[in-house]
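The tour goes from one selection to the next.

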Amino acid sequence: MMKLSWPEVMAIASISLTSVCCSWAQSPSRWKAHDMNRPRPPIVKPGDQKSPIAPASDAIVLFDGKDLSQWRAEDGSPSKWVVKDGYMESVKGSGYIFSRRTFGDIQLHVEWAAPLPASGSGQGRGNSGVYLMGLYEIQVLDSYNNDTYPDGQAAAVYGQYPPLVNASRPPGEWQSYDIVFRRPRFSSDGDVVAPARVTMLHNGVLVQDSVSLWGPTNWLQHLPYRPHPDRLPISLQDHGNPVRFRNIWVRELPESDEAGPVQSKSEPVQALQPAVLDNYVGQYQSLDAPDIFTVSREGQKLTATFIGDQKLELVAHSLKEFSLRWTAGKLIFDLGNDGRAVGATFYLGGSERKAKRVP
(Lines give C-alpha, C1' and ligand atoms only; values in the text may rest on other atoms or scores of the structure.)
Protein backbone atom coordinates (compact mmCIF):
# COMPACT_ATOMS: atom_id res chain seq x y z
CA MET A 1 0.00 0.00 0.00
CA MET A 2 1.38 3.36 -1.00
CA LYS A 3 1.88 5.76 1.92
CA LEU A 4 1.20 9.46 1.56
CA SER A 5 2.69 12.26 3.63
CA TRP A 6 0.35 15.00 4.75
CA PRO A 7 2.42 17.80 3.12
CA GLU A 8 2.04 16.02 -0.23
CA VAL A 9 -1.63 17.01 -0.23
CA MET A 10 -0.75 20.55 -1.27
CA ALA A 11 2.69 20.12 -2.85
CA ILE A 12 1.54 20.60 -6.42
CA ALA A 13 -1.18 23.24 -6.03
CA SER A 14 -0.22 26.76 -7.03
CA ILE A 15 -3.65 28.30 -6.43
CA SER A 16 -5.16 28.70 -2.95
CA LEU A 17 -7.68 25.94 -2.35
CA THR A 18 -9.49 28.18 0.12
CA SER A 19 -10.86 30.14 -2.82
CA VAL A 20 -11.60 26.92 -4.71
CA CYS A 21 -14.01 25.72 -2.03
CA CYS A 22 -15.97 28.91 -2.37
CA SER A 23 -15.76 29.12 -6.18
CA TRP A 24 -17.24 25.72 -7.10
CA ALA A 25 -20.91 25.50 -6.31
CA GLN A 26 -21.16 22.19 -8.13
CA SER A 27 -18.82 19.38 -9.10
CA PRO A 28 -17.90 19.31 -12.81
CA SER A 29 -18.04 15.52 -12.90
CA ARG A 30 -20.19 12.70 -11.58
CA TRP A 31 -16.94 10.99 -10.57
CA LYS A 32 -14.80 12.27 -7.73
CA ALA A 33 -11.15 12.96 -8.42
CA HIS A 34 -8.95 9.83 -8.23
CA ASP A 35 -11.92 7.51 -7.58
CA MET A 36 -10.79 3.86 -7.49
CA ASN A 37 -14.38 2.81 -8.28
CA ARG A 38 -14.25 4.51 -11.67
CA PRO A 39 -14.27 1.97 -14.54
CA ARG A 40 -10.83 1.13 -15.92
CA PRO A 41 -10.21 1.92 -19.61
CA PRO A 42 -9.99 -1.26 -21.69
CA ILE A 43 -6.50 -2.39 -22.66
CA VAL A 44 -5.55 -2.35 -26.34
CA LYS A 45 -2.24 -3.34 -27.89
CA PRO A 46 -0.96 -0.47 -30.04
CA GLY A 47 0.42 -1.20 -33.47
CA ASP A 48 4.08 -0.89 -34.35
CA GLN A 49 5.34 2.63 -34.97
CA LYS A 50 8.45 3.86 -36.68
CA SER A 51 10.29 5.60 -33.88
CA PRO A 52 11.43 8.27 -33.40
CA ILE A 53 8.76 10.02 -35.46
CA ALA A 54 10.28 12.79 -37.57
CA PRO A 55 8.93 16.32 -36.98
CA ALA A 56 6.83 18.09 -39.59
CA SER A 57 8.53 20.70 -41.74
CA ASP A 58 6.90 23.57 -39.82
CA ALA A 59 7.60 22.11 -36.38
CA ILE A 60 9.57 23.85 -33.63
CA VAL A 61 11.97 21.25 -32.21
CA LEU A 62 12.22 21.56 -28.41
CA PHE A 63 14.49 18.56 -27.88
CA ASP A 64 16.54 16.73 -30.51
CA GLY A 65 18.57 14.56 -28.15
CA LYS A 66 21.61 16.84 -28.02
CA ASP A 67 21.14 19.42 -25.26
CA LEU A 68 18.65 21.27 -23.05
CA SER A 69 19.16 24.69 -24.61
CA GLN A 70 15.38 25.00 -25.19
CA TRP A 71 14.60 24.26 -21.54
CA ARG A 72 15.16 25.87 -18.13
CA ALA A 73 14.52 25.23 -14.46
CA GLU A 74 11.57 26.97 -12.79
CA ASP A 75 13.78 29.82 -11.56
CA GLY A 76 15.23 30.37 -15.05
CA SER A 77 18.54 28.63 -14.36
CA PRO A 78 19.84 25.71 -16.49
CA SER A 79 17.98 22.45 -15.88
CA LYS A 80 19.68 19.70 -13.86
CA TRP A 81 18.08 16.92 -15.91
CA VAL A 82 20.67 14.75 -17.68
CA VAL A 83 21.13 14.23 -21.42
CA LYS A 84 22.68 11.06 -22.83
CA ASP A 85 22.25 8.64 -25.72
CA GLY A 86 19.74 10.91 -27.45
CA TYR A 87 17.31 11.32 -24.55
CA MET A 88 16.92 13.45 -21.45
CA GLU A 89 16.11 11.94 -18.08
CA SER A 90 14.47 13.51 -15.04
CA VAL A 91 16.64 13.67 -11.93
CA LYS A 92 14.97 13.23 -8.54
CA GLY A 93 14.80 16.52 -6.69
CA SER A 94 15.84 18.62 -9.69
CA GLY A 95 12.33 20.02 -10.19
CA TYR A 96 10.12 20.58 -13.21
CA ILE A 97 11.63 21.86 -16.44
CA PHE A 98 10.02 24.54 -18.63
CA SER A 99 10.31 25.37 -22.30
CA ARG A 100 12.00 28.71 -22.90
CA ARG A 101 9.40 29.46 -25.56
CA THR A 102 5.75 30.04 -24.74
CA PHE A 103 2.78 28.58 -26.60
CA GLY A 104 -1.01 28.77 -26.93
CA ASP A 105 -2.85 26.49 -29.39
CA ILE A 106 -0.49 23.68 -30.42
CA GLN A 107 0.07 20.21 -31.77
CA LEU A 108 2.65 18.61 -29.47
CA HIS A 109 4.65 15.43 -30.05
CA VAL A 110 6.49 13.82 -27.11
CA GLU A 111 8.20 10.43 -26.85
CA TRP A 112 8.90 8.94 -23.42
CA ALA A 113 9.94 5.71 -21.73
CA ALA A 114 9.29 4.43 -18.22
CA PRO A 115 12.23 3.00 -16.24
CA LEU A 116 13.29 -0.61 -16.76
CA PRO A 117 13.26 -2.65 -14.62
CA ALA A 118 9.93 -1.40 -13.34
CA SER A 119 9.98 -0.27 -9.72
CA GLY A 120 7.12 0.64 -7.42
CA SER A 121 3.39 0.47 -8.03
CA GLY A 122 0.43 2.73 -8.66
CA GLN A 123 1.42 6.39 -8.79
CA GLY A 124 4.95 5.48 -7.66
CA ARG A 125 5.88 3.71 -10.90
CA GLY A 126 7.31 5.67 -13.83
CA ASN A 127 5.49 8.88 -12.85
CA SER A 128 5.96 12.17 -14.69
CA GLY A 129 3.74 14.55 -16.63
CA VAL A 130 3.46 16.81 -19.66
CA TYR A 131 2.00 20.16 -18.61
CA LEU A 132 0.34 22.21 -21.35
CA MET A 133 0.84 25.90 -20.54
CA GLY A 134 2.37 24.64 -17.28
CA LEU A 135 -1.17 24.17 -15.91
CA TYR A 136 -2.96 21.32 -17.67
CA GLU A 137 -1.31 17.93 -17.11
CA ILE A 138 -1.30 14.92 -19.40
CA GLN A 139 -0.21 12.14 -17.08
CA VAL A 140 2.92 10.11 -17.81
CA LEU A 141 2.94 6.81 -15.91
CA ASP A 142 3.98 3.21 -16.37
CA SER A 143 0.44 1.86 -16.82
CA TYR A 144 1.50 -1.50 -18.25
CA ASN A 145 0.08 -4.09 -15.80
CA ASN A 146 0.01 -1.38 -13.13
CA ASP A 147 -3.34 -0.42 -11.59
CA THR A 148 -4.13 3.02 -10.21
CA TYR A 149 -7.04 5.44 -10.24
CA PRO A 150 -8.18 5.81 -13.89
CA ASP A 151 -7.91 9.60 -14.02
CA GLY A 152 -4.25 9.26 -13.03
CA GLN A 153 -3.04 6.58 -15.43
CA ALA A 154 -0.96 7.15 -18.55
CA ALA A 155 -2.61 9.48 -21.11
CA ALA A 156 -5.18 10.78 -18.61
CA VAL A 157 -5.99 14.45 -18.35
CA TYR A 158 -4.94 14.27 -14.73
CA GLY A 159 -7.78 14.21 -12.24
CA GLN A 160 -10.40 14.84 -14.95
CA TYR A 161 -10.51 12.43 -17.89
CA PRO A 162 -9.17 8.85 -18.00
CA PRO A 163 -8.00 7.77 -21.46
CA LEU A 164 -10.56 6.04 -23.64
CA VAL A 165 -8.29 2.96 -23.69
CA ASN A 166 -5.03 1.90 -22.09
CA ALA A 167 -2.58 1.79 -25.03
CA SER A 168 0.56 1.53 -22.90
CA ARG A 169 3.69 -0.28 -24.01
CA PRO A 170 5.89 -2.22 -21.53
CA PRO A 171 8.39 -0.28 -19.39
CA GLY A 172 11.62 0.54 -21.19
CA GLU A 173 9.90 0.80 -24.60
CA TRP A 174 9.48 4.18 -26.25
CA GLN A 175 5.94 5.55 -26.30
CA SER A 176 4.48 8.54 -28.11
CA TYR A 177 1.98 11.24 -27.23
CA ASP A 178 0.48 13.35 -30.01
CA ILE A 179 -1.60 16.11 -28.44
CA VAL A 180 -3.80 18.78 -29.99
CA PHE A 181 -4.39 21.50 -27.41
CA ARG A 182 -6.69 24.50 -27.60
CA ARG A 183 -6.05 27.00 -24.83
CA PRO A 184 -8.91 28.49 -22.78
CA ARG A 185 -10.37 31.83 -23.81
CA PHE A 186 -11.13 34.57 -21.31
CA SER A 187 -13.19 37.73 -21.68
CA SER A 188 -11.74 41.12 -20.82
CA ASP A 189 -13.33 40.92 -17.36
CA GLY A 190 -11.88 37.44 -16.67
CA ASP A 191 -14.87 35.22 -17.43
CA VAL A 192 -14.30 31.91 -19.26
CA VAL A 193 -15.51 32.29 -22.85
CA ALA A 194 -14.28 28.82 -23.89
CA PRO A 195 -12.56 26.12 -21.82
CA ALA A 196 -9.31 24.43 -22.82
CA ARG A 197 -9.75 21.36 -25.03
CA VAL A 198 -7.54 18.32 -25.64
CA THR A 199 -7.48 15.67 -28.36
CA MET A 200 -4.75 13.06 -28.03
CA LEU A 201 -3.23 9.89 -29.50
CA HIS A 202 -1.19 7.51 -27.35
CA ASN A 203 1.04 5.26 -29.46
CA GLY A 204 -1.16 6.12 -32.44
CA VAL A 205 -4.41 5.25 -30.64
CA LEU A 206 -7.08 7.88 -29.87
CA VAL A 207 -7.33 8.28 -26.08
CA GLN A 208 -8.78 11.80 -25.60
CA ASP A 209 -11.47 12.98 -28.02
CA SER A 210 -11.78 16.78 -27.86
CA VAL A 211 -12.44 16.78 -24.12
CA SER A 212 -13.30 20.08 -22.44
CA LEU A 213 -11.19 20.80 -19.35
CA TRP A 214 -12.99 22.37 -16.39
CA GLY A 215 -9.85 24.10 -15.09
CA PRO A 216 -6.17 23.50 -14.28
CA THR A 217 -5.38 19.93 -13.27
CA ASN A 218 -4.37 19.13 -9.71
CA TRP A 219 -4.07 16.37 -7.13
CA LEU A 220 -7.18 16.05 -4.93
CA GLN A 221 -9.03 19.09 -6.26
CA HIS A 222 -10.87 20.43 -9.29
CA LEU A 223 -9.43 23.91 -9.59
CA PRO A 224 -11.43 26.69 -11.28
CA TYR A 225 -10.12 28.69 -14.20
CA ARG A 226 -8.34 31.92 -13.46
CA PRO A 227 -7.35 34.31 -16.24
CA HIS A 228 -3.81 33.76 -17.50
CA PRO A 229 -1.71 34.84 -20.50
CA ASP A 230 -2.54 33.48 -23.95
CA ARG A 231 0.95 31.95 -24.19
CA LEU A 232 2.78 30.03 -21.45
CA PRO A 233 5.62 27.46 -21.36
CA ILE A 234 5.27 23.70 -21.68
CA SER A 235 6.67 21.89 -18.64
CA LEU A 236 7.74 18.34 -17.79
CA GLN A 237 7.40 16.95 -14.29
CA ASP A 238 10.04 15.64 -11.91
CA HIS A 239 8.05 13.19 -9.78
CA GLY A 240 11.09 11.37 -8.41
CA ASN A 241 11.17 8.66 -11.10
CA PRO A 242 13.89 8.50 -13.82
CA VAL A 243 11.53 8.85 -16.79
CA ARG A 244 13.16 9.48 -20.18
CA PHE A 245 12.03 11.87 -22.92
CA ARG A 246 13.14 12.38 -26.50
CA ASN A 247 12.01 13.85 -29.85
CA ILE A 248 9.85 16.70 -28.55
CA TRP A 249 8.42 19.05 -31.15
CA VAL A 250 5.58 21.53 -31.48
CA ARG A 251 3.44 22.91 -34.30
CA GLU A 252 1.73 26.19 -33.49
CA LEU A 253 -1.92 26.13 -34.63
CA PRO A 254 -4.15 28.92 -35.90
CA GLU A 255 -6.24 30.39 -33.10
CA SER A 256 -9.59 28.67 -32.63
CA ASP A 257 -12.70 29.77 -30.74
CA GLU A 258 -14.20 26.32 -30.41
CA ALA A 259 -15.91 25.71 -27.10
CA GLY A 260 -17.95 23.07 -25.40
CA PRO A 261 -20.09 22.85 -22.26
CA VAL A 262 -18.67 21.96 -18.87
CA GLN A 263 -20.99 19.44 -17.29
CA SER A 264 -21.70 19.71 -13.59
CA LYS A 265 -23.65 17.85 -10.96
CA SER A 266 -24.59 18.67 -7.38
CA GLU A 267 -23.07 16.68 -4.52
CA PRO A 268 -25.25 15.91 -1.47
CA VAL A 269 -24.08 17.41 1.81
CA GLN A 270 -25.20 16.60 5.38
CA ALA A 271 -25.39 19.69 7.59
CA LEU A 272 -24.12 19.44 11.19
CA GLN A 273 -24.66 22.06 13.87
CA PRO A 274 -21.64 24.18 14.91
CA ALA A 275 -21.66 22.60 18.38
CA VAL A 276 -21.25 19.17 16.75
CA LEU A 277 -18.56 20.39 14.34
CA ASP A 278 -16.55 21.65 17.30
CA ASN A 279 -16.05 18.00 18.35
CA TYR A 280 -13.58 17.57 15.44
CA VAL A 281 -11.61 20.80 15.84
CA GLY A 282 -7.96 20.35 16.79
CA GLN A 283 -4.57 19.07 15.64
CA TYR A 284 -3.92 15.50 14.47
CA GLN A 285 -0.53 13.77 14.54
CA SER A 286 0.28 11.04 12.00
CA LEU A 287 1.12 7.72 13.70
CA ASP A 288 4.00 6.83 11.36
CA ALA A 289 5.40 10.24 10.39
CA PRO A 290 6.05 13.64 12.00
CA ASP A 291 3.28 15.26 9.97
CA ILE A 292 0.50 17.22 11.68
CA PHE A 293 -2.74 18.52 10.18
CA THR A 294 -5.34 20.82 11.69
CA VAL A 295 -9.13 20.73 11.57
CA SER A 296 -10.87 24.07 12.07
CA ARG A 297 -14.45 25.30 12.06
CA GLU A 298 -15.38 28.27 9.92
CA GLY A 299 -19.03 29.06 10.57
CA GLN A 300 -21.10 26.11 9.35
CA LYS A 301 -18.23 24.13 7.80
CA LEU A 302 -15.02 22.30 8.71
CA THR A 303 -11.71 22.77 6.94
CA ALA A 304 -8.52 20.71 7.11
CA THR A 305 -5.16 22.49 6.85
CA PHE A 306 -2.46 20.10 5.70
CA ILE A 307 0.39 22.55 5.07
CA GLY A 308 0.84 26.27 5.56
CA ASP A 309 -2.45 28.19 5.25
CA GLN A 310 -3.89 26.03 2.46
CA LYS A 311 -7.28 24.61 3.40
CA LEU A 312 -9.56 21.87 2.08
CA GLU A 313 -13.27 21.88 2.90
CA LEU A 314 -14.59 18.79 4.68
CA VAL A 315 -18.10 17.59 3.80
CA ALA A 316 -20.00 15.57 6.40
CA HIS A 317 -21.73 12.37 5.34
CA SER A 318 -22.23 11.05 8.89
CA LEU A 319 -20.91 11.83 12.35
CA LYS A 320 -17.73 9.92 11.51
CA GLU A 321 -17.25 10.15 7.76
CA PHE A 322 -16.16 13.33 5.94
CA SER A 323 -15.00 13.71 2.35
CA LEU A 324 -12.68 16.29 0.81
CA ARG A 325 -15.05 18.26 -1.39
CA TRP A 326 -15.17 16.98 -5.03
CA THR A 327 -12.46 14.43 -4.20
CA ALA A 328 -12.34 10.68 -3.54
CA GLY A 329 -10.22 11.40 -0.45
CA LYS A 330 -11.99 11.10 2.88
CA LEU A 331 -11.42 11.37 6.62
CA ILE A 332 -12.99 8.84 9.00
CA PHE A 333 -12.92 10.12 12.57
CA ASP A 334 -12.62 7.96 15.68
CA LEU A 335 -15.07 9.27 18.29
CA GLY A 336 -14.92 8.89 22.05
CA ASN A 337 -17.88 8.24 24.34
CA ASP A 338 -18.46 11.98 24.62
CA GLY A 339 -18.71 12.34 20.84
CA ARG A 340 -15.37 14.14 20.52
CA ALA A 341 -12.83 12.98 17.93
CA VAL A 342 -9.78 11.18 19.31
CA GLY A 343 -8.20 10.30 15.97
CA ALA A 344 -8.78 10.07 12.21
CA THR A 345 -7.82 7.98 9.19
CA PHE A 346 -7.18 9.59 5.79
CA TYR A 347 -8.06 7.48 2.74
CA LEU A 348 -7.13 8.18 -0.90
CA GLY A 349 -6.65 5.96 -3.93
CA GLY A 350 -6.38 2.69 -1.98
CA SER A 351 -3.98 4.07 0.62
CA GLU A 352 -4.64 5.11 4.20
CA ARG A 353 -2.92 7.19 6.87
CA LYS A 354 -3.86 7.06 10.57
CA ALA A 355 -3.48 9.99 12.95
CA LYS A 356 -4.27 10.70 16.60
CA ARG A 357 -5.66 13.91 18.00
CA VAL A 358 -3.08 15.93 19.88
CA PRO A 359 -4.26 16.76 23.43
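Predicted model: local features only at pLDDT ≥ 70, side-chain atom pairs only at ≥ 80, totals over all residues.

Residues are numbered from 1 along each chain as its sequence is written, and side-chain values use heavy atoms, with hydrogens and water left out.

Select Trp71, Met88, Leu108, Tyr177, Phe245 and Ile248. Within the largest nonpolar core, which has 42 residues, these touch the most other members. A nonpolar core is a set of buried Ala, Val, Leu, Ile, Met, Phe, Trp, Tyr and Cys residues joined through side-chain atoms within 4.5 Å. Buried means under 20% relative accessible area, exposed over 50%, and partly exposed in between (1.4 Å probe, protein chains only).

Next, show the strands (DSSP runs of E, at least two residues, numbered from the N terminus). Strands that each supply at least two residues of this core include β1 (60-63), β9 (175-182) and β15 (244-252). β6 gives the largest share, four residues.

Now centre on Met88. Its contacts (heavy atoms within 4.5 Å), not counting residues up to four places away in sequence, include Phe63, Trp81, Ile97 and Leu236. A second, separate core has 25 residues, among them Val295, Leu302, Ala316 and Leu331.

Move to the loop between β6 and β7 for Pro117. The peptide bond from Leu116 to Pro117 is cis, with omega near 5°.

Finish with Ala155, in the loop between β8 and β9. Ala155 is not a glycine, yet has a positive phi of about 75°. Is Ala155 buried or exposed? Ala155 counts as buried, at 0% relative accessibility.
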